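Keep the structure open as you read.

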Amino acid sequence: MNHWTQNAIFYHIYPLGFFGCEKHQTYQTVHRIRHLEAWIDHLHSLHVNALYIGPLFASSSHGYDTIDYNQIDPRLGSNEDFKQLCQKLHENQIKIVLDGVFNHVGRNFWAFEDVCEKKWESPYKDWFSNLRFDGTTPYHDPFSYDSWEGHYELVKLNLYNQNVCDHLLQAVNMWIDEFDIDGLRLDAANCIPPHFFKQLKSFTHAKKKDFWLMGEVIHGDYNQWANAEMLDSVTNYECYKGIYSSHNTKNYFEIAYAYNRQHGDYGIYKNLYLYNFVDNHDVDRIASVLHDPRDLKNVMTLLYTMCGIPSLYYGSEWGITGKRSKTSDEALRPEVCLSDIKQNDLLFHIQKLGEIKQNEESFHDLHYKQIYLTNEQFVFQRNDCFIALNCADHPSEVKIPAGSYHDLLNDKIIQIQNMLHIEAHDNMILKRR
């Protein structure tokens with residue numbers, strides 16, 4: 001594989017929260033989206049070269065209840081605003097990936113509104129999964145339909161209807177032609193039939209050869225979705241859990257097992273560049289998940305040095321906190337401003353990790369080898385680079401091949417005689433000379 005994602009560092013923005021938008025659709029255009037241009041210098045400081053921004057399509061509330069696939073949400077601005085932003089990002093060598101919310105729509109989606117008005121006479125009654133006129137819903141409709149996980153404000157599309165598939169592909173065509181987007185993150189990918197992903201892959205590949213498709217998948221064999229005929233990547237929830245849990249339980253065996261399982265000598269995903277993260281818009285902020293904040297740097301080092309594609313969720317580079325409640329994810333998706341950025345050690349560490357990830361070819365392929373492992377210490381190898389971590393409350397010694405190394409985080413040369421000293425809750429990235 002020779003693809004731009006091999007050397008990508010993503011920055012993930014949930015725009016409706018990021019810009020402090022109204023909670024529900026107002027149908028008033030507010031020109032917010034271009035304010036992202038002011039963040040480009042910050043993205044460059046992080047060595048970010050890809051922006052995942054979504055959901056972006058016009059919706060009724062939180063963004064995943066789409067009402068129009070051909071317009072950005074007016075709470076964010078106009079299509080022209082977004083076109084100018086895309087041009088500016090591309091001028092700064094930053095790729096753009098949007099949310100493809102193709103499993104379901106909102107109840108205000110124009111075709112569903114037509115069904116509500118015309119009932120069985122609507123030409124769109126077959127656009128929605130299992131829509132039947134012999135039942136009802138919590139909204140007291142004179143019909144029933146499949147929803148997403150029992151949320152009836154999210155109406156499941158019938159992707160076995162080619163007219164529906166064509167409508168979605170037409171929208172993708174427009175976003176590529178008009179905005180030159182570089183990829184899509186497919187929401188609820190596990191709910192979407194494979195034949196649609198095959199159509200989408202064939203269509204986008206013909207339009208733009210290096211177009212990237214990544215699916216949101218939590219459980220299962222990632223090869224089911226990420227393969228030559230369907231998607232290019234999926235969300236790596238397996239390692240997301242393993243990274244924070246290994247620190248909270250002081251048990252590096254957990255994440256080491258996952259790394260070996262995925263990309264070791266007999267790894268089941270040896271050819272997949274998975275989309276890696278330590279938090280996102282659906283899970284608690286990593287600074288709120290870790291029991292000991294001293295582990296934040298180790299966590300970020302694992303994110304940037306593991307096989308695959310690192311993604312940084314906005315605000316987590318300076319350690320903001322946030323936990324979801326039983327009824328809301330709003331705490332995970334706060335409004336932020338440039339003035340909120342805190343110049344702290346975590347931010348400086350992540351900036352350095354970004355530089356290393358971009359500049360060191362050792363991290364551009366999928367080579368992985370475990371070198372040393374105990375409950376609280378972990379060393380693994382990526383080509384010429386060795387990554388060593390210590391989550392203990394005391395300094396420790398770890399085994400590493402003897403030789404001369406460049407300490408990439410501290411930019412100095414060190415000599416090792418089989419054992420390496422690491423401070424408590426610290427990590428090192430060493431390049432063999």
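In which helix does Leu 43 lie? Leu 43 lies in helix α2; helices (H or I, at least four residues) and strands (E, at least two) are DSSP runs, numbered from the N terminus.

## Ground rules

This is a predicted model, in which local features need pLDDT of at least 70 and side-chain atom pairs count only at pLDDT 80 or more, while totals for chains, interfaces and linings use all residues. Residues are numbered from 1 along each chain as its sequence is written, and side-chain values use heavy atoms, with hydrogens and water left out.

Leu 43 counts as buried because its relative accessibility is 2%. The cut-offs are under 20% relative accessible area for buried, over 50% for exposed, and partly exposed in between (1.4 Å probe, protein chains only). Setting aside neighbours within four places in sequence, Leu 43 is in contact with Tyr 11, Val 48 and Ile 94, where contact means heavy atoms within 4.5 Å. Leu 43 and Phe 109 are 66 residues apart in sequence, and their C-alpha atoms are 34 Å apart in space.

## Two nonpolar cores

The largest nonpolar core has 135 residues, and those with the most contacts inside it are Phe 82, Phe 128, Trp 175 and Phe 378. A nonpolar core here is a set of buried Ala, Val, Leu, Ile, Met, Phe, Trp, Tyr and Cys residues joined through side-chain atoms within 4.5 Å. Not counting residues up to four places away in sequence, Trp 175 touches a list of residues including Leu 56, Phe 57, Tyr 69, Phe 82, Leu 98 and Ile 181.

There's also a second, separate core of 13 residues, with Ala 388, Val 398, Ile 416 and Ile 422 among them. Ile 416 sits in strand β19 (residues 412-416) and counts as buried because its relative accessibility is 3%. Apart from neighbours within four places in sequence, Ile 416 is in contact with Ile 400, Pro 401, Ala 402, Gly 403, Tyr 405 and Leu 430. In soluble globular proteins, nonpolar side chains tend to be buried together.

## How α10 and α11 pack

Helix α10 (residues 296-305) and helix α11 (residues 345-359) pack at about 20°, with their axes 10 Å apart. Axes are lines fitted to C-alpha atoms, for helices over the stretch in contact, and angles run from 0 to 180 degrees between N-to-C directions. α10 and α11 are therefore roughly parallel to each other; the cut-offs are under 35 degrees for roughly parallel, over 145 for roughly antiparallel, 65 to 115 for roughly perpendicular, and oblique for the rest.

Who meets whom? On the α10 side, the residues are Leu 296, Lys 297, Met 300, Thr 301 and Tyr 304. On the α11 side, they are Asp 345, Leu 346, His 349, Ile 350, Leu 353, Gly 354 and Lys 357.

Most residues other than glycine have a negative phi, and most peptide bonds are trans. His 47, not a glycine, has a positive phi of about 65°. His 47 is found in the loop between α2 (40-45) and β2, and counts as partly exposed because its relative accessibility is 26%. Asn 383 isn't a glycine either, yet has a positive phi of about 55°; its loop runs between β15 (377-382) and β16 (385-390).

The peptide bond from Gly 54 to Pro 55 is cis, with omega near 0°. Pro 55 lies in the loop between β2 (50-53) and β3 (57-59).
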